[in-house]
Amino acid sequence: MNGLTQYLNEMKAELQEIYDNLDYELRNTDNQDLIDESYFNVTSKLESALNEMDVLINDIDNGVYNDPLDNIVTGK
């Protein structure tokens, strides 16, 4: 794992912690309006960010963003 993917995994872990904390708080409230607004404005966006982080990390690990000239020089 290179430094960039390590950094992205750390960032993803922090986002996951925020998501988990929010989910826990929302499960402990009876205010449906708060739950709905939170999902629309925050939770859904955190879910999307987590999914996109997974895609980005996988793409980087798979060399999607490598410079094609690097691949020719290194033989990858």
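Visitor: Let's start with Asp 54: is Asp 54 buried, partly exposed or exposed?
Guide: Keep in mind that this is a predicted model. Buried means under 20% relative accessible area and exposed means over 50%. Asp 54 has a relative accessible area of 31%, so the class is partly exposed.

Visitor: Which residue forms a salt bridge with Asp 54?
Guide: A salt bridge needs a side-chain nitrogen of Lys or Arg within 4 Å of a carboxyl oxygen of Asp or Glu. For Asp 54, the closest N and O atoms of the pair are 2.7 Å apart, and the partner is Lys 12.

Visitor: How many residues apart are Asp 54 and Lys 12?
Guide: This salt bridge pairs Asp 54 with Lys 12. The two link distant parts of the chain, with Asp 54 in helix α2 and Lys 12 in helix α1. Their separation is 42 residues.

Visitor: And what is the relative accessible area of Lys 12?
Guide: Lys 12 counts as partly exposed, and that class sits between the 20% and 50% cut-offs. The value for Lys 12 is 22%.

Visitor: How many salt bridges are there by this rule?
Guide: One of them is the Asp 54 and Lys 12 pair. Arg 27 also forms one, with Asp 23, where the closest N and O atoms are 2.8 Å apart. The count comes to 2.

Visitor: In which helix do Arg 27 and Asp 23 both lie?
Guide: These two are 4 residues apart, about one turn of the helix. Arg 27 is exposed at 65% relative accessible area, whereas Asp 23 is partly exposed at 27%. Both lie in helix α1.

Visitor: Which residues gather in the patch of negative charge on the surface?
Guide: To join a patch, a residue needs over 30% relative accessible area and no salt bridge. Asp 20, one of the members, sits in helix α1 and is partly exposed with 39%. The patch gathers Glu 10, Glu 14, Glu 17 and Asp 20.

Visitor: Now for Ile 57: is Ile 57 buried or exposed?
Guide: Ile 57 has its place in helix α2. The cut-off for buried is under 20%. With a relative accessible area of 6%, Ile 57 is therefore buried.

Visitor: Which residues is Ile 57 in contact with, leaving aside its neighbours within four places in sequence?
Guide: Ile 57 and Asn 9 are 48 residues apart in sequence, yet 7.6 Å apart in space, C-alpha to C-alpha. Asn 9 is one of the contacts. The list is Thr 5, Leu 8, Asn 9 and Lys 12.

Visitor: What is the relative accessible area of Thr 5?
Guide: Thr 5 lies in helix α1. Beyond residues up to four places away in sequence, Thr 5 touches Ile 57, Ile 60 and Asp 61. Thr 5 is buried, and the value is 0%.

Visitor: How far apart in space are Leu 15 and Ala 49, C-alpha to C-alpha?
Guide: Leu 15 has its place in helix α1, and Ala 49 is found in helix α2. In sequence, the two are 34 residues apart. In space, C-alpha to C-alpha, the distance is 8.1 Å.

Visitor: Leu 15 has 19% relative accessibility; is Leu 15 buried or exposed?
Guide: Leaving aside neighbours within four places in sequence, Leu 15 is in contact with Leu 46, Ala 49, Leu 50 and Met 53. Ala 49 counts as partly exposed at 27%. Leu 15, at 19%, falls under the 20% cut-off, so Leu 15 counts as buried.

Visitor: Which residues does Ser 38 touch, not counting residues up to four places away in sequence?
Guide: Ser 38 is found in helix α2, residues 32–61. Ser 38 is buried, with a relative accessible area of 11%. The residues touched are Leu 26 and Thr 43.

Visitor: Zooming out, what pattern does the protein follow along the sequence?
Guide: The protein has 3 helices and 0 strands. Read along the sequence, the pattern is α-α-α.

Visitor: Last one: what percentage of the residues count as buried?
Guide: The accessible surface comes to about 5,900 Å², of which 52% belongs to carbon and sulfur atoms. Of the 76 residues of the protein, the share that counts as buried is 17%.

Note on methods
Residues numbered from 1 in each chain as written. Predicted model: local features only at pLDDT ≥ 70, side-chain atom pairs only at ≥ 80, totals over all residues. Heavy atoms only, no water. Buried < 20%, exposed > 50% of the residue type's maximum accessible area, 1.4 Å probe, protein only. Contact = heavy atoms within 4.5 Å. Patch = residues over 30% accessible without salt bridge, like charges linked within 9 Å, V, L, I, M, F, W, Y side chains within 5 Å. Areas by Shrake-Rupley, 256 points an atom, 1.4 Å probe, with all protein chains shown as cover. Lys, Arg positive; Asp, Glu negative; His and termini not counted. Charge placed at Lys NZ, Arg CZ, Asp CG, Glu CD.
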